[in-house]
Amino acid sequence: ASTPLKEGVWAAGCAPALRIRGGGEELDGELRLRLEKLVKKEPVMLFMKGSPDAPQCGFSSRVVKLLTEHKVKFGHFDILKDPQVRAGLKTMSNWPTFPQVYSKGGLIGGLDVLIELAEEGELLNELGGEEKVTEELLEARIRAAIPTIEHVQADDESDGCGAKFSLHVVAGEFEGMPLIERQRMVHAALGDALPRIHALTLKCRTSQQYAATLK
């Protein structure tokens with residue numbers, strides 16, 4: 001059986017998207033198949049009142065704004081134009097309100113859930129948009145991009161207010177290189193992970209500088 005990450009939040013692809021019963025009702029086979037196709041029409045699907053350009057309720061408008069601010073590409077469906085889909089999704093997902101956001105066919109939740117995920121820095125990860133930023137990811141990217149790497153250590157210092165990391169990098173290439181150029185090299189190595197880090201403390205040392213710290 002699927003297990004929620006928290007109340008009302010399901011891992012992408014693990015939500016009870018194939019529920020046939022819910023709220024005392026039953027979906028007929030044809031409608032169920034249609035809904036299954038709809039929630040998987042795009043990697044991220046938003047079922048809302050209105051359209052992204054003309055939302056018909058404040059909650060839908062705020063979800064569109066949140067997804068747009070995080071540069072999430074999403075498909076959408078106006079539930080006001082199809083009462084059958086509106087009622088069927090409530091039953092299938094066992095989620096009574098709209099908007100509803102799905103990722104890879106799995107229900108993520110509504111506005112409150114998305115706001116919480118965004119505040120925790122987990123929104124893109126839950127929507128399957130990008131790889132989660134971890135100590136291991138940062139270290140692996142730096143090792144892959146800088147051939148002369150001698151030492152790299154990433155420490156997660158996140159405190160619930162976004163992703164915060166400290167990085168200590170030692171490389172032979174840093175010899176004779178201005179500090180700002182060393183940092184630019186590390187920033188380039190981090191790639192698309194860098195914009196998702198809210199605060200980064202970075203130390204870039206040469207072999208000689210690093211050896212002096214060990215004495």
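What follows is a short walk through a sheet, the helices lying across it, and some salt bridges. The model is a predicted one, so a local feature needs a pLDDT of at least 70 and side-chain atom pairs count only at pLDDT 80 or more, while totals for chains, interfaces and linings use all residues. Residues are numbered from 1 along each chain as its sequence is written, and side-chain values use heavy atoms, with hydrogens and water left out.

As for the terms, helices (H or I, at least four residues) and strands (E, at least two) are DSSP runs numbered from the N terminus, and two strands pair if DSSP finds at least two bridges between them.

Valine 101 has glycine 109 in E8 as its bridge partner. The two strands make a hairpin with two residues between them, and lysine 104 in the turn has a positive phi of about 55°. Another positive phi, near 55°, belongs to asparagine 94, which follows H3.

Helix H3 (residues 83–93) has as its buried residues Val85, Gly88, Leu89, Thr91, Met92 and Ser93; buried means under 20% relative accessible area, exposed over 50%, and partly exposed in between (1.4 Å probe, protein chains only).

Then come the salt bridges, each a side-chain nitrogen of Lys or Arg within 4 Å of a carboxyl oxygen of Asp or Glu. The whole structure holds four of them. One joins aspartate 82 and arginine 34, at 2.7 Å from N to O. This pair ties together distant parts of the chain, 48 residues apart: aspartate 82 sits in the loop between strand E6 (75–78) and H3, and arginine 34 in helix H1. Aspartate 82 is buried at 14% relative accessibility, whereas arginine 34 is partly exposed at 33%.

H1 (residues 29–39) also holds arginine 32 and glutamate 36, four residues apart, or about one turn of the helix. Their salt bridge has its closest N and O atoms 3.1 Å apart. Arginine 32 is partly exposed, with a relative accessible area of 22%, while glutamate 36, at 16%, counts as buried.

In helix H7 (residues 179–190), arginine 184 and glutamate 181 are three residues apart, which is about one helical turn. They form a salt bridge too, with the closest N and O atoms 2.7 Å apart. Arginine 184 is partly exposed at 48%, and glutamate 181 is partly exposed at 33%. An α-helix has 3.6 residues a turn, so residues three or four places apart point the same way.
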